[in-house]
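Please walk me through this structure in plain paragraphs.

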Amino acid sequence: MADCYKIFTLSPGSTSTKLAVFENDKLIFKANVSHDPEKLKGFAEISDQLSYRKETILEELEKAGISLSEMNAFAAYSGGLESMVGGVYPVNDMILKHSREGRTVKHPAILGAQLIDAFSKEYGAPSFLVNPPDVDEFEDLARVTGMKGIYRESRVHVLNQKEVAMRYAKELGKRYEECNFVVCHVGGGLSVTAHKQGLMVDGNDVLNGDGPMAPNRTGELPAVPLIKMCFSGEFNEKEMIAKVSKTGGLLGHLGTDNTLEITKRIDEGDLYAKLIFDGMAYQLSKYIGSYSVVLEGKVDGIILTGGVSNSCYFTDQITKRCAWIAPVKIYGGDFEMEALAAGALRVLNKEEEPKNYTGDPVWSGFDFVK
């Protein structure tokens, strides 16, 4: 009989922390613990929230009758690290150092590694990061832009993208490392990536305004009109960044990024809503085509995931435009907790060798560029 492992997973957000417990790949508990925003404001640094978040997590688990002493592993979503290749990383001193510093980003996600390390030391089970957001597997050509000094780096929904790619590879009777996929995570942000034999070799920068329009992000824009807007005197730097990364896309055009509301408006004859929502599907389809070229036309599947992928109105348009390239597979929603548990389980079952985080970035510029 195969071993049955209990795995505790978590993902810290701005004012809450997602929790889950799995027995192997079976979900047995899930919760989203809210943290008092006023208390969070009282901490000078994000890492100072550690004890408070730990306390509220343990309170939630106690209410559910769950003891962390029963866990065989802990796994977390955690950012703020230097770039690395994808994989499962045991939490080590360098991960903790860079997490506390928020080496690459200042966001509560940096608490993921710190929380599971605390639980690991208290309860004696190993702790892992699984395909952290700082994974960067781009090929050199994917980094080039038309402006010297500006280069493209990987900022995509790594965890969910790799999880659905592995799932589809398994459905095809193959290993992820044997397949080529174009994977699209369509949530509040939208990332589309070329997966080439287990590596994400190209993709749009979801944080910095690259790629297709998204529910609340502008995506790619003509540069000169954007520059003129920046220097118009009407907006400051913070407001312009927000227009691109928080209030653009569907939200900026239609006043909402709720796709159910938007499709209802389309059904009721709202032509502007139809133009914009169709425009987002059109732009994504173009990107899928371009990343199929990156894979030289050898595409085993096009995968749609994220919340918007639950919209048949949206996914039907992608399928209509792109199914000639490869079969379109839909995994609506996100599988963040499942992906964390699956990564830890692969290591526990000795199906995957864990990697060591050294803190040395996989890319920090081209040495030959002066």
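Helices and strands are DSSP runs numbered from the N terminus, a helix being H or I over at least four residues and a strand being E over at least two. The model is a predicted one, in which local features need pLDDT of at least 70 and side-chain atom pairs count only at pLDDT 80 or more, while totals for chains, interfaces and linings use all residues. Residues are numbered from 1 along each chain as its sequence is written, and side-chain values use heavy atoms, with hydrogens and water left out.

We can begin with the open space. A pocket is an open set of points on a 1 Å grid over the protein atoms alone, with protein on both sides within 12 Å along at least five of seven lines, and a cavity is a set of points where a 1.4 Å probe fits but cannot get out; lining residues have an atom within 4 Å of a point. Points are joined across faces, edges and corners, and a volume is the space filled by probe spheres set on them. The largest pocket has a volume of about 1500 Å³. It is lined by 45 residues, of which Tyr77, Pro133, His157, Leu207 and Arg217 are the closest to its centre. At least two lining residues come from each of β1 (6-12), β2 (16-23) and α6 (158-171), and α6 gives the most, with 3 residues. By type, the pocket lining has 13 nonpolar, 22 polar and 10 charged residues; here Ala, Val, Leu, Ile, Met, Phe, Trp, Tyr, Cys and Pro count as nonpolar, Asp, Glu, Lys and Arg as charged, and the others, Gly among them, as polar.

The structure also holds 1 cavity of 30 Å³ or more. The largest cavity has a volume of about 60 Å³, and the residues that line it include Leu190, Asn204, Asp210, Arg217 and Val244. Its lining divides into 5 nonpolar, 4 polar and 2 charged residues.

Next comes the packed interior. Buried means under 20% relative accessible area, exposed means over 50%, and partly exposed lies in between (1.4 Å probe, protein chains only). A nonpolar core is a set of buried Ala, Val, Leu, Ile, Met, Phe, Trp, Tyr and Cys residues joined through side-chain atoms within 4.5 Å. The largest such core has 43 residues, and Phe8 and Leu129 have the most contacts inside it. A second, separate core of 32 residues includes Val201, Ile262, Met280 and Leu304.

Thr56 lies in helix α2 (residues 50-63) and is buried, with a relative accessible area of 10%. Apart from neighbours within four places in sequence, Thr56 is in contact (heavy atoms within 4.5 Å) with Val33 and His35.

Asn131 sits in the loop between β6 (127-130) and α5 (140-143). It has a positive phi of about 40° although it is not a glycine, and at 4% relative accessible area Asn131 is buried.

Because 11 of its 13 residues are buried, α13 is largely enclosed by the rest of the structure. Among the buried ones are Glu336, Met337, Leu340 and Arg346. Just after α13, Lys350 takes a positive phi of about 60°, although it is not a glycine. Lys350 counts as exposed, at 73% relative accessibility.
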